[in-house]
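Reader: I have a new model on my screen and I'd like to talk it through. Could you show it and take my questions as they come?

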Amino acid sequence: MTPEKRKLITDSFGRSETLQFYKAELLEVETDFISMKIPKMEMMTRKAGMFNGAMIASLVDVSSGYAAVSHYPEDCYVVTVELKVNYLRPAIGDALVSKSYVIKGGAKISVVRTEIYVQNENSESESHVATSLVTMMKIK
């Protein structure tokens, strides 16, 4: 990935009001791979303390979009065509971490696999809580 492309992605991430609201952190930016982290806030959880499924789906969507953008050398914009999330276990932890991989990047359509993990502040271990496939379409 060129330094210019990396800057486009990191600048876009920094401008996103939604990601600022979620206090999201960009962990890794590579061609065909993006990882980000969102700390737990009360509004993101169910009464039992686990992350709400909608929060997980939102993270899948955003992370997959940035991964798809990372695939293309030029500046571009993508939209979600299809999003499928399999929730594997309750997401109980202090932060959500996404790892999004472009598994098929085409001229217009990309398929992205995004894995979601929870982390705890007092541990380096991650627990795999969701897996997904997302189809993104380049429109610009």
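Reader: What volume does the largest pocket have?

Author: About 460 Å³. Keep in mind that this is a predicted model.

Reader: What makes a residue count as lining that pocket?

Author: A lining residue has an atom within 4 Å of a point of the pocket. By that cut-off the largest pocket has 21 lining residues. S12, Y66, V69, Y77 and V78 are the ones that lie nearest its centre.

Reader: Which elements supply at least two residues of the lining?

Author: Those are α1 (3-15), α2 (17-21), α3 (53-71) and β3 (78-87). The largest share comes from α1, with six residues.

Reader: And how does the lining split by class?

Author: You get 11 nonpolar, five polar and five charged residues. Tyr is on the nonpolar list, in case you wondered about that one.

Reader: Now the sheet. What order do the strands have?

Author: The order is β1-β2-β4-β5-β6-β3, in an open sheet of six strands with antiparallel pairing.

Reader: Why are β1 and β3 called edge strands?

Author: Look at how they pair: β1 (25-30) and β3 each do so on one side only. Neighbouring strands in this sheet are turned against each other by 20 degrees on average, ignoring direction.

Reader: How do you know that β5 and β6 pair?

Author: Two strands pair if there are at least two bridges between them. Here 11 bridges join β5 (residues 109-119) to β6 (residues 126-138), and the two run antiparallel. At one spot, S110 stands opposite M136 in β6.

Reader: What joins β4 to β5?

Author: There are 10 bridges between β4 and β5, which run antiparallel. S100 has T114 in β5 as its bridge partner. A hairpin also links β4 to β5 through three residues.

Reader: What about β1 and β2: how many bridges join them, and how many residues lie between them?

Author: Five bridges join β1 to β2, antiparallel again. V29, for instance, has I34 in β2 as its bridge partner. β1 and β2 form a hairpin with two residues between them, and D32 in the turn has a positive phi of about 70 degrees.

Reader: Stepping back, how many helices and strands does the protein chain have?

Author: Three helices and six strands. From the N terminus on, the elements run α-α-β-β-α-β-β-β-β.

Definitions and conventions. Residues numbered from 1 in each chain as written. Predicted model: local features only at pLDDT ≥ 70, side-chain atom pairs only at ≥ 80, totals over all residues. Heavy atoms only, no water. 1 Å grid on protein atoms, 1.4 Å probe; cavity = no way out; pocket = protein on both sides within 12 Å on 5 of 7 lines; lining within 4 Å. Points joined across faces, edges and corners; volume = space filled by probe spheres on them. Helix = DSSP H or I, 4+ residues; strand = E, 2+ residues; numbered from the N terminus. Axes fitted to C-alpha atoms, helices over the stretch in contact; angles between N-to-C directions.
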